[in-house]
Every structure is written in structure tokens, then in C-alpha cells.
Amino acid sequence: MLVEKTGPRVLLKSLREAMAEQLGPQERLDRITQQIAAAMAAQVCSVYVRRADDVLELFGTFGLNAEAVHRSQLRVGQGLVGTIAGSGRALNLSDAQSHPAFAYLPETGEDPFQSFLGVPMKRAGRPLGVLTVQNTESRNYSEEDVEALETAAMVLCDLVVSGGFKNLANEGAQLDQSRPISTTGTGLAEGIARGTVVLHEPRVVVENLFGDDAEQETHRLAQAISSLRASVDAMVERTSANDKDDTNHDHIDVLESYRMFAHDRGWVRRIESAIQDGLTAEAAVEKVSQENRSRLQGSPNPYLRERLTDFDDLARRLMKQLMGRAAAEGVEEPFIVVARSMGAAELLDYDNGHLRGLVIEEATATSHVVIVARALGIPVVGQVEGFVSRAENGDAIIADGDEGIAHLRPADDVVASYDERMEFRVARAARFDALRGQPSETRDGVPINLMLNAGLTMDLQQLETSGAAGIGLFRTELQFMIASKLPRLDEQTRFYRTIMDAAGDKPVTFRTLDIGGDKVLPYLRTVKEDNPALGWRAIRLAIDRPGLLRVQLRALIKAAAGRRLKIKIPMVTMVTEIDQVRVILDREMEAQARFGHDLPASVELGCMIEVPSLLFQLDEVMERVDFVSVGSNDLFQFMAASDRTNSYLANRFNPLSRPFLRALREIVRAADRHDTPLQLCGELAGDPLSVLALIGIGYRTISMPPAAIGPVKELVRAMDCAHVCAHVGAMVDETIGTRTVPEVLRDFADENGLPV
Ligand code: PEP
Ligand code: MG
């Protein structure tokens, strides 16, 4: 049987008709295999779909024994088909039987076929199955044949992910794309959420696969390409303009190569040619991306593999230009965004009242997007490698930020157990809610001030709902980080005024900009540093570039007219830095007075204790400031010489240890000597077990994330302060090497019925 080749355009057209026709699923698949065989002048076309148990099952064939459908099966890695699924790469063989992986399956009756072409059916890099054609005669399939088969594979992938094959699988067998997957990563923001997946990086779906009008699609592509180029050009210009000292060479080189790809004629031509074959602009971009991926992924050359990331990123941007809308638009049910990586501002775009959680492959607890997610009060699961490629828009998902697990398409028993946990959380929240109006006071009458950490306007509603006594740490840099350009004086003034208005009588402590290190502002030139956490950051940068600090202080003074103003300085190393800020602050106050503006009713200047060198100049610090504030995250990372963003060290050293508690107690003693108000902020303040230790060594004001206020208040109200202080004091004095601090504290809490 010899059939004439018809080419990809005709093939796509006939596939499209087969998709549109009213056919049963098996009938449709048989029609498709027949059309592919015809278009490629092949005697056989077969579709193998990957099941959840990693078996490739023959789902449909034209030319092989029909009896073998759903009976013929290969494991991934077995035979030619299994090899393609395993490697994710095409096999083009003029003499298939001499290939070492060839496995003869008698039920298929494939012995007379000599040549073989097979391509993976891939969706976002994940193999969903394999599509093959075979010929009796020895035949060298051309580049064009491979491309045509890849296009057909794309159509079939869409059928697989849209559930078109679900009912065809053998009874009891699950298709790979319907398999429940639980991936353990890291919990970056606590809480549990259930919803459906919204993919951050857009993907083509069946309804926009086939193009009606190639001319119009080419026009859409041209428009999208030109705005893509404009945005990349602007990115390069902006970076070069900021690089007056030539310090940013590497970054600019990367951007330049990025620009080169965006202007690459070959890339665009290949997309145009796929449009001519009958695809929409979106589908054509996706197809060319897949080809690039297959070509470059297996390359031994690391430079080429790196370029793949550039191409992928560009393709994603181009796709966004073409689609012009976020996948979440119009979603009217709870959803969870699943992303490879994401900027903070992008997450805010999704906040339509139905956003419930975030699962993100590339992020750590201090990533900006995670900080924003916490402000939105949604759980985040991070460091879940490969998760994005397994998820589809609309899949059911549970994001467990407490345990750091994302469950994709969870089984019924998993859903049921989470429903129970969510009910428990609701009950717990109701308990905390009832505590809101109650004083935060120990049983023996010692008041403990529970303050809130905040940084965005959206945090302020938590001030009301959590019952916190004020804002102990307002991270001003967050507003700068989500802005697209440096906020001007009037914008900053308005913003700080809004915060103070919303806080009403409750005090707000503003921290001056803590940028540098990992907190970069996209519009400010940064220098490449080998150890950014130990680098040119926070107050160091502010003293060298006083313009930024001056404007910020001016805005704060204006916003606080007639009210109490509390400001604290991050990352102070030497007391002289406090003096330098004091000079700038005094000058700004004088200038405001000179211009006849209303001044704040009072101004308090505080110093954060985050650098261990301050522990040895505590008396000098206390003499100079109106209050001190321990930043326990940084103080601990510097004392333990242990990078707080390094996941390898995350659980190695525990701040709940005698040396660290001794250091924290020295600060309490110095503050007491000078009668200087003291507070502590940082993650320690939000963990009930740590709070037990902090209160035990003398801390009475602590600032924490909103979700921690309820549990901490419950603990405070259950404890006897004098008893806790005696016990913790003795424990801190004990010789190191005896029982660990968490062990001692846990036993104490158990014996005294304290909720930790
Ligand atoms: C800290 O270091 O403890 C702190 C509160 O500041 P940040 O986490 O913003 O560095
Ligand atoms: Mg800090």
C-alpha cells in the first residue's frame, strides 16, 4: 500500500476536522492515526500513551494489528518507543530492527516494517506518550517529516491533557496526566489552601491550536514580536544607562544576547512557517519552542543549554504578548498559582479575591514574591522542582505551606484529610479571634506587647483583625521593591501617611530602607558583590548615598505632622553610624520647621541590633538612641556565620540555643541599665516555643507576622511569667552540652500545660 505524501498543512487541516467531528474517542483516534499515516505516506501510524505506572500503552494504530490496541505495552526505556519516552528525543531509523533497543511485539504484527520514525508527545517538557510512523521499505524520513510528526504530536498532547483519552485507558490504569502527585519542597508561607491550578507561564490550549487565517496570525505575530523587541531593548537601555561605572558587565552581556535572540530572523521565520502550516501564532511559538528544547536540551555544550533558558524565557514573554490576558482572568473559583519563578508585582496582579495560594519552583523564604504572598496571607510552597511541567490549568491542587507539600490532583482520601485539617484551622482561628479583645498579659499580670511586622498597605487590615498593639517593624523597602521606579517624595509621603492613618492610635515603627544584599530595586544600579549579605547594604548604602535617606526621612517627617514618629535604622555596625543618621534627621527637621511645616509631635530614633559587633558597644548604643530593636534573623545569621537564605544550612543551627539566648539576654540587661525601651523582631518572635524563651530572658515587646499573634497571645495568657523567667534563666546558665534548649522548653511547656 503506497500513499502519497500531502505535507503538514493538509495534515493539520484534516486533524482539525477530525477534532471537530462528533466522534467517539476511539473512533477519533483511529481517524487521526489514519490521517497522519496518509499525510506522511506511511503504512503505519501508532499512538502510545504514557500511563501513571510508567507503561506506554498502545492507544490507537493505523496499520498494526487492531487487536493489539490497549494490549500492547512497553515500559519507559523498553524498545524503541520506550527509548523515545525515556530520552524525550525523536528516533529516525531506516533499519529499525538493527537498533539495539528494538523489541519485537508479536501481537502487533509489525515484523514487515523496516523503517521507523517516532517522536515524543511532550507537554512543557514532560513526555505524555510517543507517536510513531513506520514503512515497509527502507526509508530516510526527512527533516520535514520529523516536523510534521512533531506538529501532529502536539495536537495529540492536547487531546491527552484535555481528557480526550481518559475513558480509553484499560480499566484500573491511570494516565500519567491524571495521576495524583505529591511533591515535597519547602513551606515558605504557612497555611493550607485548596483550589484549581492557574499556570503563571501560559500554555497553548486546544481552542487556540488551529489558525483560521494565516495572514491574520502572521500579523498578530509581527505585532507581538515588535512589542517584545521594544521591551527587551528598553530593558537593555535601562541597564546600560544605570551602569555608568561599568560595573555591571556580565549582566549587560546576558541582556545583549537576549536582545540578539529577540531579533533572530531564523527564530521568527520558523514560527511564521508553522503558522503557514495552519497553526495559530500561539501554537506556532509553542511548537518552535519545543523544537528548540529537543535540539538544545541534550547538547553537551553548557553554553547552548544556557541559551535554551533565554529562548524559553523569550517565548514565554512572546506568548504573554499574544494571549494578552492572564490565565486567572475570569476564574471565579478558588485558585492556586503555579509558577517557575515570579516577581512580587506579578503576584499582586492575580489578587482578584479568589487567589488562595502559590506553588513556586524557584524561590526562598526571603524572595520578594514570598514576602508579598505572606502579606496577602496565602500559603506558599517552594523548591518543588519539576512541578510546573506536571500541572495543567484547572487541575485540582492543595498547597500545604505548613508541611511544604504540594498535592496535585489529590486522591479522595488526601482531600478528606485536608478538609479535616482546614476545619481544625478554622476552629483555631475562631479561638484566636475570640482572644482579640483580651489583654496580652501573663497570668501573674505582666503585660507583653505583641506587635506586627508589615510592609505593604494590605498588611494594615491585619492590625485590626489580629488585635496587635501596633506595628513593630514596618519594612519600608517592600514598597520600593514592588514599584517600577523610585517612589518620589510626594508618593512616599502619601504612602506613609496612609499607614499612620490606618494605624490610628497604635504606634508604627518605620525602618529606613533595608536594600542591597538580596533586596534589589530593579531601577537602581547595583554592584556585583561576592557576599551581598555582608556587603554594601542598608545603612551603609544610605550613608554613602544620603540623597535616598534624606528624601525618605523628609517624607516620614511630613507624613507624621502632629503625630508620634518612630524610625529605626537597619544593619548598624558602629555607633558612629547612628550619629550620622541623627545629623541628617536633625537637619531635615530643621528644614521642615524653617519652611513653616508642621512637625511630628515627637520623633524617636532607634537602632536595630543585627550585627554582633554591637553586642560589645551596647552601653554606647543605649546612650545614643530612644529605643533598640533586635533583628534576630540577621543577628543570628551573623553570629552563627550561617547564611539565612542557604537551604543547606536551614536546619543546622538553631537560634534556640544557649549561646544565642545569652547574647539576647545581654541586650536586655544593657537596655535595663539605661532604661532604654527594647523590642525584638524576626522569625523567633512568631514561634511560641521561642517566645517562651524570649519572655523568660526578659523581652516584653516582640514583633511578628500577623498569623503568629493569635498563637503567641494564647501562650502569653496561659503562662506564669515569674515561673517561666526562673526556669529559662537557669536553663540559659546551664553548661552547654546538656539537654538542648528546645527539649528543656518543650518539657516545661508540657508540664505546665502551655500551648507551644
Ligand atoms: C531581622 O533581621 O531579624 C529583621 C527583622 O529584618 P529582616 O528580616 O527584614 O532582615
Ligand atoms: Mg534584618
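Trainee: Let's start with Gln-679, in strand S21 (residues 678–681). Why is Gln-679 called buried?
Mentor: Bear in mind this is a predicted model. Buried means under 20% relative accessible area; Gln-679 has 4%, so Gln-679 counts as buried.

Trainee: And what makes the pairing of Gln-679 and Lys-568 a polar contact?
Mentor: The cut-off for the N or O atoms is 3.5 Å, and the side chains of Gln-679 and Lys-568 are joined at 3.3 Å. Beyond four places in sequence, Gln-679 also touches others, including Gly-472, Thr-509 and Ser-703.

Trainee: Next, helices H18 (residues 546–559) and H19 (residues 575–594). Why are H18 and H19 called oblique to each other?
Mentor: Their angle is about 50 degrees, with the axes 10 Å apart. Roughly parallel needs under 35 degrees and roughly perpendicular starts at 65, so H18 and H19 come out as oblique. H18 passes H19 in a right-handed crossing.

Trainee: Which residues make that contact?
Mentor: Among them are Leu-549, Leu-553 and Ile-557 of H18, and Ile-584, Leu-585 and Met-589 of H19. By class, the contact of H18 with H19 has eight nonpolar, one polar and four charged residues.

Definitions and conventions: Residues are numbered from 1 along each chain as its sequence is written. Chains are lettered from A and ligands numbered from 1 in the order in which they are written. This is a predicted model: local features need pLDDT of at least 70, side-chain atom pairs count only at pLDDT 80 or more; totals for chains, interfaces and linings use all residues. Side-chain values use heavy atoms; hydrogens and water are left out. Axes are lines fitted to C-alpha atoms, for helices over the stretch in contact, and angles run from 0 to 180 degrees between N-to-C directions. Helices (H or I, at least four residues) and strands (E, at least two) are DSSP runs, numbered from the N terminus. Angles under 35 degrees count as roughly parallel, over 145 as roughly antiparallel, 65 to 115 as roughly perpendicular and the rest as oblique. A crossing is left-handed if the near helix is turned anticlockwise from the far one by less than a right angle, and right-handed if clockwise. Contact means heavy atoms within 4.5 Å. Ala, Val, Leu, Ile, Met, Phe, Trp, Tyr, Cys and Pro count as nonpolar, Asp, Glu, Lys and Arg as charged, and the others, Gly among them, as polar. Buried means under 20% relative accessible area, exposed over 50%, partly exposed in between (1.4 Å probe, protein chains only). A polar contact is a pair of N or O atoms within 3.5 Å; within protein, one must be able to donate a hydrogen and the other to accept it, and residues adjacent in sequence count only if both atoms are side-chain atoms.
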